[in-house]
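Subject: Structure handover

Hello,

Here is the structure for your files. Please open it first, then read the notes below.

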Amino acid sequence: MLLVAHLGTLRTWHQHWFPDTTYWDLHFEAGCYSTYEVTATEATLTGLNL
């Protein structure tokens, strides 16, 4: 799945998968992408701001 979204949406999805993160401390660079491996039970961040 490819998700193209604004910062608030990206932060919300990331925090849903990783609830121990702080919403306001998440930073996604413009023009970059991040990759996740998502299964029915868990998500793994495999690359941030690539």
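In which sense do strand E1 and strand E2 pair, and over how many bridges? They pair in the antiparallel sense, over four bridges, with E1 at residues 35-38 and E2 at residues 43-47. Two strands count as paired if DSSP finds at least two bridges between them.

Some ground rules. This is a predicted model, in which local features need pLDDT of at least 70, side-chain atom pairs count only at pLDDT 80 or more, and totals for chains, interfaces and linings use all residues. Residues are numbered from 1 along each chain as its sequence is written, and side-chain values use heavy atoms, with hydrogens and water left out.

Fold

Along the sequence the pattern reads α-β-β. The radius of gyration is 10 Å, close to the 10 Å from the globule rule for 50 residues, so the chain is as compact as a globular protein of that length. That radius is taken over C-alpha atoms, and the rule is 2.2 Å times the number of residues to the power 0.38. Helices (H or I, at least four residues) and strands (E, at least two) are DSSP runs, numbered from the N terminus. Along the principal axes, the C-alpha atoms fill a box of roughly 30 × 20 × 15 Å.

Hairpin

E1 and E2 form a hairpin, with four residues between them. Tyr36 has Leu45 in E2 as its bridge partner. Glu42 sits in the loop between E1 and E2. Glu42 is exposed, at 52% relative accessible area. Its C-alpha atom is 9.3 Å from that of Phe18, 24 residues away along the chain.

Burial and surface

Of the 50 residues, 12% count as buried. Buried means under 20% relative accessible area, exposed over 50%, and partly exposed in between (1.4 Å probe, protein chains only). The chain exposes about 4,100 Å², and carbon and sulfur atoms supply 58% of that. Areas come from the Shrake-Rupley method with a 1.4 Å probe; for residues, only the protein chains shown count as cover.

His14 lies in helix H1. Is His14 buried or exposed? His14 is buried, because its relative accessible area is 6%. Leaving out residues up to four places away in sequence, His14 touches Thr21, Leu26, Phe28, Tyr36 and Leu45. Contact means heavy atoms within 4.5 Å. Among chain contacts between residues at least 6 apart in sequence, 10% join residues at least 24 apart.

The largest pocket has a volume of about 620 Å³. Of its 20 lining residues, the closest to its centre are Leu2, Leu3, Leu10, Ser34 and Tyr36. H1 (7-17) and E1 each supply at least two lining residues. H1 gives the most, with four. On a 1 Å grid over the protein atoms alone, a pocket is an open set of points where a 1.4 Å probe fits, with protein on both sides within 12 Å along at least five of seven lines; lining residues have an atom within 4 Å of a point.

Asn49 is in the segment after E2. Asn49 has a positive phi of about 55°, although it is not a glycine. Most residues other than glycine have a negative phi. Asn49 is partly exposed, at 23% relative accessibility. Ala30, in the loop between H1 and E1, is exposed at 74%. The C-alpha atoms of Ala30 and Asn49 are 8.4 Å apart, with the two residues 19 apart along the chain.

Best wishes

Key: Grid points are joined across faces, edges and corners, and a volume is the space filled by probe spheres set on the points.
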